[in-house]
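Below are some short notes for a colleague who has not seen this structure before. Please read them alongside the model.

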Amino acid sequence: MPNEAQPTAEQALDVDDRVGLDTFEFDEEPFITVETDLCLECELKPCLYICPTQVYRWGEDGLVYNTEGCIELGGCFIVCHDLGNRAIRWSYPRGSRGVQFRYG
Ligand code: SF4
């Protein structure tokens with residue numbers, strides 16, 4: 001008997017649906033840090049567009065970020081260093097912390 005809380009293979013899930021099924025063990029040790037002063041002069045700000053869970057956003061005073069929903073793709077680090085101002089320092093959360101993928 002299928003579990004009603006789990007999506008079936010026939011259901012189309014968008015990114016928000018998929019991320020909503022994942023669980024996160026918050027790491028109080030910061031695994032992403034951003035030298036946000038460099039962001040003020042960043043022309044393209046690609047971090048705002050690459051992250052499917054929108055860890056980065058532009059606030060009134062500049063870049064703000066929240067790593068609690070990070071799914072650890074590392075794309076932000078790559079685009080920041082290739083197209084941005086090399087402001088992001090990124091590593092994986094410590095062992096057993098971070099995202100646990102549940103579906104896809
Ligand atoms: S890409 Fe890097 S330098 Fe540019 S706004 Fe994002 S974090 Fe800052």
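1. Ile78 is partly exposed, because 16 other C-beta atoms lie within 10 Å of its own. Here a residue is buried if 20 or more other C-beta atoms, placed from the backbone, lie within 10 Å of its own, exposed if 12 or fewer, and partly exposed in between. Ile78 sits in helix H4 (residues 75-83). Its C-alpha atom is 9.7 Å from that of Pro46, a residue 32 positions away along the chain.

2. This is a predicted model: local features need pLDDT of at least 70, and side-chain atom pairs count only at pLDDT 80 or more, whereas totals for chains, interfaces and linings use all residues. Residues are numbered from 1 along each chain as its sequence is written.

3. The mean pLDDT (the predictor's confidence in each residue, from 0 to 100) is 88 for the chain, and 89% of its residues reach 70 or more. Confidence is lowest in helix H1 (residues 15-21), with a mean of 81, and highest in helix H2 (residues 36-39), at 98.

4. The chain has 4 helices and 6 strands, in the order α-β-β-α-α-β-β-α-β-β. Helices (H or I, at least four residues) and strands (E, at least two) are DSSP runs, numbered from the N terminus.

5. Of the 104 residues in the chain, 14% count as buried.

6. The ligand is surrounded by 13 residues, the closest being Cys39, Cys42, Cys47, Cys80 and Gly84. A residue counts as near a molecule if its C-beta atom, placed from the backbone, lies within 6 Å of it.
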